[in-house]
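Please look through the sequence and the model shown below before reading on, and keep both at hand while you follow the report.

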Amino acid sequence: MTPTILLLGRNGQVGWELGSILPTVGLLKACGRGEFPIGPDSLSEFLDNLKPSVIINSAAFTAVDLCESQPIEATLVNVTLPGILASWAARNDCLLIHYSTDYVFDGAKDAPYLETDTPNPLNFYGRSKLEGERLISELAPKHLIFRTSWVYSLLGKNFPKTILKMAQSQDRLTVNDEQIGAPTPAAFIAAVTLVAIKIYLTSSDAPTGLYHLTPTGSVTWHDFARQIISQARLLGWPLSPELPILFPSYGPDPTRPAVRPINSRLDTSKLTADFGVYPPDWSYFFERFMLTLKTLSLPS
Ligand SMILES: NC(=O)c1ccc[n+]([C@@H]2O[C@H](COP(=O)([O-])OP(=O)(O)OC[C@H]3O[C@@H](n4cnc5c(N)ncnc54)[C@H](OP(=O)(O)O)[C@@H]3O)[C@@H](O)[C@H]2O)c1
């Protein structure tokens with residue numbers, strides 16, 4: 001029988017990519033903001049009517065700094081929503097797929113983080129995402145939580161598009177040269193999610209649990225910005241007439257309410273061992289992304 005798949009957050013970076021590939025594995029019902037309720041009774045009733053066998057939750061309050069001043073709104077989406085989904089999934093033998101973040105860690109480790117490392121979030125966003133993870137792992141026996149980092153895509157707001165925009169109008173940019181991580185394309189997250197769903201639908205002992213999902217390799221924000229500008233120049237992007245000069249910064253940014261971890265690197269060996277996914281280096285995806293962005297002439 002064709003499985004019904006419910007996708008929440010269809011207009012986000014990851015949700016958008018999922019929406020284009022999920023119809024290959026099931027009957028897709030994709031919902032954006034305002035198209036599903038978040039109250040415990042109303043959402044359960046919504047789910048009772050749809051009876052999905054897989055729920056993918058890519059909806060989240062992702063504005064890291066805003067979370068500090070809007071904790072109630074952030075808690076609703078990052079904690080309450082996954083909690084209700086997890087309870088329903090447990091009662092209805094449904095697989096719940098959810099995404100989390102490198103920001104559950106404090107960044108003090110001097111190596112990529114393993115799934116078994118102890119989280120210690122530095123900001124409200126990280127704490128709310130960790131609480132969402134906890135509810136899912138405690139309540140839903142069939143779940144997959146993919147922790148990822150530094151997500152970017154052709155659609156939506158993200159670091160490469162912000163840097164490109166700034167490089168078109170500013171001749172000096174200051175970017176943090178201390179925080180290190182792996183930029184992750186939303187399309188890669190969606191592709192791995194598809195692999196996981198296919199395995200789940202065809203195998204009785206499909207892997208479940210918590211997985212780190214990023215490309216391999218890492219870069220600082222400053223070095224990432226440098227590579228964005230140099231690729232843009234190679235591709236003939238209209239940059240500021242003065243060459244944008246990049247300055248490094250170190251330590252917490254006093255203009256940002258949320259503190260970020262210095263080390264955002266996630267170890268993906270568990271993903272490789274259990275799903276047979278071998279993530280390539282982050283630069284492999286990035287060069288193709290820049291070429292596509294330029295070819296499509298999407299506004300940054
Ligand atoms: N972005 C990153 O750098 C990053 C890094 C690590 C982990 N993650 C995780 O990866 C997942 C996907 O992130 P993303 O980059 O795709 O996020 P995104 O582009 O910000 O998309 C999030 C989606 O959630 C929806 N949403 C927010 N508040 C909502 C509400 N109250 N009701 C219903 N929908 C609501 C948004 O709707 P609207 O479109 O209407 O605003 C948006 O479509 C999230 O779990 C995030 O925590 C992201």
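The report goes through the sheet, the helices and the surroundings of the ligand in turn.

This is a predicted model, in which local features need pLDDT of at least 70 and side-chain atom pairs count only at pLDDT 80 or more, while totals for chains, interfaces and linings use all residues. Residues are numbered from 1 along each chain as its sequence is written.

**The sheet**

Helices (H or I, at least four residues) and strands (E, at least two) are DSSP runs, numbered from the N terminus. An open sheet is formed by 6 strands in the order β2-β1-β3-β4-β5-β10, with parallel pairing; two strands pair if DSSP finds at least two bridges between them. Because β2 (27-31) and β10 (209-212) stand at the edges, each with a single partner strand, one side of each is left without a neighbour in the sheet. From one strand to the next, the twist averages 20°. Strand β5 (residues 143-148) runs parallel to β10 and is joined to it by 4 bridges, and I145 stands opposite L210 in β10.

Helix α4 (residues 71-91) lies across β3 (54-57), β4 and β5, and runs at about 170° to β3.

**Two helix pairs**

The table sets out the packing of two pairs of helices, where axes are lines fitted to C-alpha atoms, for helices over the stretch in contact, and angles run from 0 to 180 degrees between N-to-C directions.

| Helix pair | Angle | Axes apart |
|---|---|---|
| α6 (residues 159-169) and α8 (residues 221-234) | about 60° | 10 Å |
| α1 and α7 (residues 186-202) | about 50° | 8 Å |

Angles under 35 degrees count as roughly parallel, over 145 as roughly antiparallel, 65 to 115 as roughly perpendicular and the rest as oblique. The angle in the table therefore makes α6 oblique to α8, and likewise α1 is oblique to α7.

α6 passes α8 in a right-handed crossing, a crossing being left-handed if the near helix is turned anticlockwise from the far one by less than a right angle, and right-handed if clockwise. On α6 the contact is made by F159, P160, I163, L164 and A167, and on α8 by F224, A225, I228, I229 and A232; two residues are in contact if their C-beta atoms, placed from the backbone, lie within 7 Å. By class, this contact of α6 with α8 has 10 nonpolar, no polar and no charged residues. Here Ala, Val, Leu, Ile, Met, Phe, Trp, Tyr, Cys and Pro count as nonpolar, Asp, Glu, Lys and Arg as charged, and the others, Gly among them, as polar.

The crossing of α1 and α7 is right-handed. Its contact includes Q13, V14 and E17 of α1 and A186, A187 and I189 of α7, and by class it has 8 nonpolar, 2 polar and 1 charged residues.

**Around the ligand**

The ligand is surrounded by 23 residues, of which the closest are G12, Q13, R33, A60 and V151. The shell divides into 9 nonpolar, 12 polar and 2 charged residues, and α1 gives the most to it, with 3 residues.

Note on methods:
Near = placed C-beta within 6 Å.
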